[in-house]
Amino acid sequence: MNLLFIGDVVGKSGCDFLGSQIYSIKKEYGIDFTVVNGENSAQGNGITFKSFDSLIRMGADVVTTGNHCFKRKESVGLYDRYRDVLLRPANFPAGVEGSGFTVIDKCPVKIAVVNLMGTLYMESLDNPFEKMDEILSGLDTPNIFVDFHAEATSEKKAMGFYLQGKVTAVMGTHTHVQTSDEVILPKSTAYITDVGMTGPELSVLGVESEIIVRKLKYHTPVRFEESKNPPFINGVVVSFDEKSGKATNITRIIRHK
Ligand SMILES: [Fe+2]
Ligand SMILES: [Fe+2]
């Protein structure tokens, strides 16, 4: 089987461009299952029902998020209501709405998706390694895909090695910059440090570059605005044996407008 994972979709331009291309990408790679990171899919960051709904309608089976999951007031209640298909990082404390993992029954194959957040240079959530152990002990499928939303390459690499042989793929998100270190680790787990971003290519993480330069140069408040430059799509396709959960190939995708 082939799973398509799309890196952080940014705003309307990212959603619209992905919507226009996803059918042909799925056809080209023979995609059976699609996961999209939607933590920046709403106009102005975060996720809203509107942006979540647009990702599901265009063909996402599961939408993952990250540190921006609760950025928007409009998202309150969404994670409980759509807990089977909309995830927030699993290592938030107990009591936070929603779920950090889901198992989708694509009869006869079950596919688990787990969303975790790193803790190096990010909020101090629960330990993602321990949380992953806890989740793994309760899963009844070998087909397990992890979106590890983290800043530090070291933490992401370590998670890849920690989970090799235990999951099908560990795919990093959050930096919005695609890395070229995709690999099948020795115990048949696909790994990439960061899948990248689906949004305006000539930008700083999707935001108008002049705004970020001003913020970093003068340290005065600015209002983030999505760049108007043309979007591109960043993703990966992971091929796997659905009986064993072992990954056989990982291919990076970059598609320009
Ligand atoms: Fe992001
Ligand atoms: Fe993020």
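Trainee: Across which strands does helix α4 lie, and at about what angle does α4 run to β5?

Mentor: In this predicted model, helix α4 comprises residues 128-136 and lies across β4 and β5. Strand β5 covers 109-117, and the angle of α4 to β5 is about 160 degrees.

Trainee: Which strands does helix α5 lie across?

Mentor: Helix α5 spans residues 153-163 and runs at about 170 degrees to β7. The strands that α5 lies across are β6, β7 and β9 (190-192).

Trainee: Which are the edge strands of the open sheet of six strands?

Mentor: The strand order in this open sheet is β4-β5-β6-β7-β9-β8, with mixed pairing. An edge strand here pairs on one side only, and this applies to β4 (101-106) and β8 (183-184).

Trainee: In what sense do β6 and β7 pair, parallel or antiparallel?

Mentor: Strand β6 holds residues 144-149 and strand β7 residues 169-173, with five bridges joining them. Phenylalanine 145 stands opposite alanine 169 of β7. The sense of the β6 and β7 pairing is parallel.

Trainee: How are α1 and α2 oriented to each other, roughly parallel or roughly antiparallel?

Mentor: Helix α1 (residues 11-29) packs with helix α2 (residues 49-58), the axes being 10 Å apart at an angle of about 10 degrees. Cys15, Leu18, Gly19 and Ile22 of α1 make the contact with Ser51, Ser54, Leu55 and Met58 of α2; these residues divide into five nonpolar, three polar and no charged. Because angles under 35 degrees count as such, α1 and α2 are roughly parallel.

Definitions and conventions. Residues are numbered from 1 along each chain as its sequence is written. Chains are lettered from A and ligands numbered from 1 in the order in which they are written. This is a predicted model: local features need pLDDT of at least 70, side-chain atom pairs count only at pLDDT 80 or more; totals for chains, interfaces and linings use all residues. Two strands pair if DSSP finds at least two bridges between them. Helices (H or I, at least four residues) and strands (E, at least two) are DSSP runs, numbered from the N terminus. Two residues are in contact if their C-beta atoms, placed from the backbone, lie within 7 Å. Axes are lines fitted to C-alpha atoms, for helices over the stretch in contact, and angles run from 0 to 180 degrees between N-to-C directions. Angles under 35 degrees count as roughly parallel, over 145 as roughly antiparallel, 65 to 115 as roughly perpendicular and the rest as oblique. Ala, Val, Leu, Ile, Met, Phe, Trp, Tyr, Cys and Pro count as nonpolar, Asp, Glu, Lys and Arg as charged, and the others, Gly among them, as polar.
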